[in-house]
Amino acid sequence: MKKVLLFFVSALFISAVICGCGTPKVIVNGVEYDALKQEEIKEMCALAELYLNSNIPNVISRQEAGLIRRLEPTCKIKYYGDRTGKAVIRWSLPKRKIEVVFDGLLLDPSAKCWVQTEDVAPEV
């Protein structure tokens, strides 16, 4: 009896360790998908910053690039498949909101990527 109990506890511990190291999941409309890990989301934010820096002065100015380096972006992901979806990485600057959007298989070279900007209206 002790051997069976010990085996059961060991199997439960091993399965908890294995499941804890797995890919995070997200449920969309009742369907479970693989999500990006936190490190991968940070990597995507770094890629977005590199994308912006490679488009100076066409998309952002040098001053805005300096602000972007110091600010932490917000990242929102809407999944529609395993590690697939639309990710919006946003920086809110004093004069503009700048977003880099990834659409498709996230962190894959096939994902579409573009920049959206919006001027901030002055306070009245």
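Student: Let's start with Leu67: what does Leu67 touch, leaving out residues up to four places away in sequence?
Tutor: Leu67 touches Leu93 and Pro94. Contact here means heavy atoms within 4.5 Å.

Student: What kind of model is this, and how are residues numbered?
Tutor: This is a predicted model, where local features need pLDDT of at least 70, side-chain atom pairs count only at pLDDT 80 or more, and totals for chains, interfaces and linings use all residues. Residues are numbered from 1 along each chain as its sequence is written, and side-chain values use heavy atoms, with hydrogens and water left out.

Student: Back to Leu67. Which element holds Leu67?
Tutor: Leu67 sits in helix α3. Helices are DSSP runs of H or I with at least four residues, strands are runs of E with at least two, and both are numbered from the N terminus.

Student: How far is the C-alpha atom of Leu67 from that of Leu93?
Tutor: The two C-alpha atoms are separated by 7.4 Å, while the residues are 26 apart along the chain.

Student: Which residues of α3 are buried, then?
Tutor: Glu64, Ala65, Gly66 and Ile68 are buried in α3. Their cover includes α2, β4 and β5.

Student: How do α2 and α3 pack?
Tutor: Helix α2 (residues 38–53) and helix α3 (residues 62–70) make an angle of about 170°, and their axes are 10 Å apart. The axes are lines fitted to C-alpha atoms, for helices over the stretch in contact, and angles between N-to-C directions run from 0 to 180 degrees. The two helices are therefore roughly antiparallel to each other. On that scale, angles under 35 degrees are roughly parallel, over 145 roughly antiparallel, 65 to 115 roughly perpendicular, and the rest oblique.

Student: Which residues meet there?
Tutor: From α2 come Glu49, Leu52 and Asn53, and from α3 come Ala65, Ile68 and Arg69.

Student: Zooming out, how many helices and strands are there?
Tutor: The protein chain has 3 helices and 6 strands. From the N terminus on, their order is α-β-β-α-α-β-β-β-β. Buried residues make up 28% of the 124 residues.

Student: What is the order of the strands in the open sheet?
Tutor: The order is β3-β4-β5-β6, 4 strands with antiparallel pairing. Two strands pair if DSSP finds at least two bridges between them. At the edges are β3 (74–81) and β6 (112–119), each of which pairs on one side only. From one strand to the next, the twist averages 15°.

Student: What packs on the sheet?
Tutor: Helix α2 does, touching β3, β4 (84–92), β5 and β6, and its direction makes about 60° with that of β4.

Student: And how many bridges join β5 to β6?
Tutor: There are 8 bridges between strand β5 (residues 96–105) and β6, which run antiparallel. One of the bridge pairs is Glu99 with Gln116 in β6.

Student: What about β1 and β2: how many bridges there?
Tutor: Strand β1 (residues 25–28) and strand β2 (residues 31–34) pair in the antiparallel sense over 4 bridges. Val26 has Tyr33 in β2 as its bridge partner. The hairpin has 2 residues between the strands, and Asn29 takes a positive phi near 50°.

Student: Where else is there a positive phi?
Tutor: Arg83 has one of about 55° although it is not a glycine, and Leu107, also not a glycine, has one of about 65°. Arg83 lies in the loop between β3 and β4, and Leu107 lies in the loop between β5 and β6.

Student: Last one: which peptide bond is cis?
Tutor: The bond from Ile56 to Pro57 is cis, with omega near 0°. Pro57 lies in the loop between α2 and α3.

Technical notes:
Buried means under 20% relative accessible area, exposed over 50%, partly exposed in between (1.4 Å probe, protein chains only).
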